[in-house]
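I opened my notebook to record what I looked up in this structure. The entries follow in the order in which I made them.

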Amino acid sequence: MGTQAQLAQFLAEVEPRAWRQAWIALREREAALDVVQDAMLKLTTHYADKPIAEWPLLFQRILQNTIRDYQRRSKVRNFWVSLFSSRDNDDGGADDPLEYIADESWSGADAALVLNSQQHIALIEEGLAQLPARQREAFLLRYWEEMDVAQTAQVMGCSAGSVKTHCSRACHALAKWLTERGVEV
């Protein structure tokens, strides 16, 4: 069982990565912020009394469920809005993934290398957005959050074999997608 200070520190540490996961899944800045805030609130409200070692898995499970809930609500809302609306509400503005890359991580690096790396990151994020939700979730949890297969299976609520299948398919699809765009994999 952790203290309020430990919980606050944990939430501060996971916030940037959680936001990035939500942003990749939803592609809406404000929606991603809302989803992360909701996930943090749920962890704080319902699971703060759990041992600190359980928080990372609990938070990831809560975050993924909150993302799926938001996607379901949006799908239903968009269906009804499109039925009763004669105009398209899409503003056409997509967030630029490059604006979220921390500049200080590139200090002293060659400008061409920085640009190339930023372009690759943007391509990877674009490719991740193209993946089916379960493949994207498995890929992000395994390779970005560095969870092992068992932890990922627990967060996703599926078997370890399913996690391996989703990750394999995601990696193959991403590799193909990147190769088609001229990136050597």
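This is a predicted model: local features need pLDDT of at least 70, side-chain atom pairs count only at pLDDT 80 or more; totals for chains, interfaces and linings use all residues.

**Entry 1**

I began with aspartate 69, which counts as partly exposed because its relative accessibility is 29%.

Residues are numbered from 1 along each chain as its sequence is written, and side-chain values use heavy atoms, with hydrogens and water left out.

Which residue does aspartate 69 form a salt bridge with? I found arginine 72, with the closest N and O atoms 3.0 Å apart. The term salt bridge stands for a side-chain nitrogen of Lys or Arg within 4 Å of a carboxyl oxygen of Asp or Glu. Aspartate 69 and arginine 72 both belong to helix 3 (residues 55-84), where they are three residues apart, about one turn of the helix.

**Entry 1: The chain as a whole**

I counted seven helices and zero strands in the protein chain. Helices (H or I, at least four residues) and strands (E, at least two) are DSSP runs, numbered from the N terminus. Read from the N terminus on, the order of elements is α-α-α-α-α-α-α. Of the 185 residues in the protein chain, 35% are buried.

**Entry 2: Other salt bridges**

How many salt bridges are there by this rule? The count is six. One of them joins the side chains of glutamate 125 and arginine 20, at 2.2 Å from N to O. Glutamate 125 is in helix 4 (residues 111-130) and arginine 20 is in helix 1, so this pair ties together parts that are 105 residues apart in sequence. I checked the cover of glutamate 125 and arginine 20, and both are buried.

Glutamate 137 also has a salt bridge, with arginine 134, and their closest N and O atoms are 3.5 Å apart. Glutamate 137 and arginine 134 are separated by about one helical turn, because they are three residues apart in helix 5. Is glutamate 137 buried or exposed? Glutamate 137 counts as buried, because its relative accessibility is 4%. Arginine 134 has 27% relative accessibility, so arginine 134 counts as partly exposed. Salt bridges that share partners bring Arg68, Arg134 and Glu137 into one network.

I followed helix 1 and found a kink of about 45 degrees at glutamate 15, shortly before proline 16. The bend at a residue is the angle between axes fitted to the seven residues ending there and the seven starting there.

Just after helix 1, arginine 27 has a positive phi of about 60 degrees, although arginine 27 is not a glycine. Arginine 27 sits in the loop between helix 1 and helix 2. Its relative accessibility is 29%, so arginine 27 counts as partly exposed.

Glutamate 28 is in the loop between helix 1 (4-26) and helix 2 (29-47). Glutamate 28 counts as partly exposed because its relative accessibility is 38%.

Where is glutamate 146? I found glutamate 146 in the loop between helix 5 and helix 6 (149-156). Phi of glutamate 146 is positive, near 55 degrees, and the residue is not a glycine. Glutamate 146 is exposed because its relative accessible area is 67%.

Alanine 138 is in helix 5 (residues 133-144) and counts as buried because its relative accessibility is 0%. Alanine 138 and histidine 166 are 28 residues apart along the chain, and their C-alpha atoms are separated by 6.1 Å.

I then looked at proline 51, in the loop between helix 2 and helix 3. Proline 51 has 35% relative accessibility, so proline 51 counts as partly exposed. From C-alpha to C-alpha, proline 51 and glycine 2 are 6.4 Å apart in space, and they are 49 residues apart in sequence.

Terms used. Buried means under 20% relative accessible area, exposed over 50%, partly exposed in between (1.4 Å probe, protein chains only).
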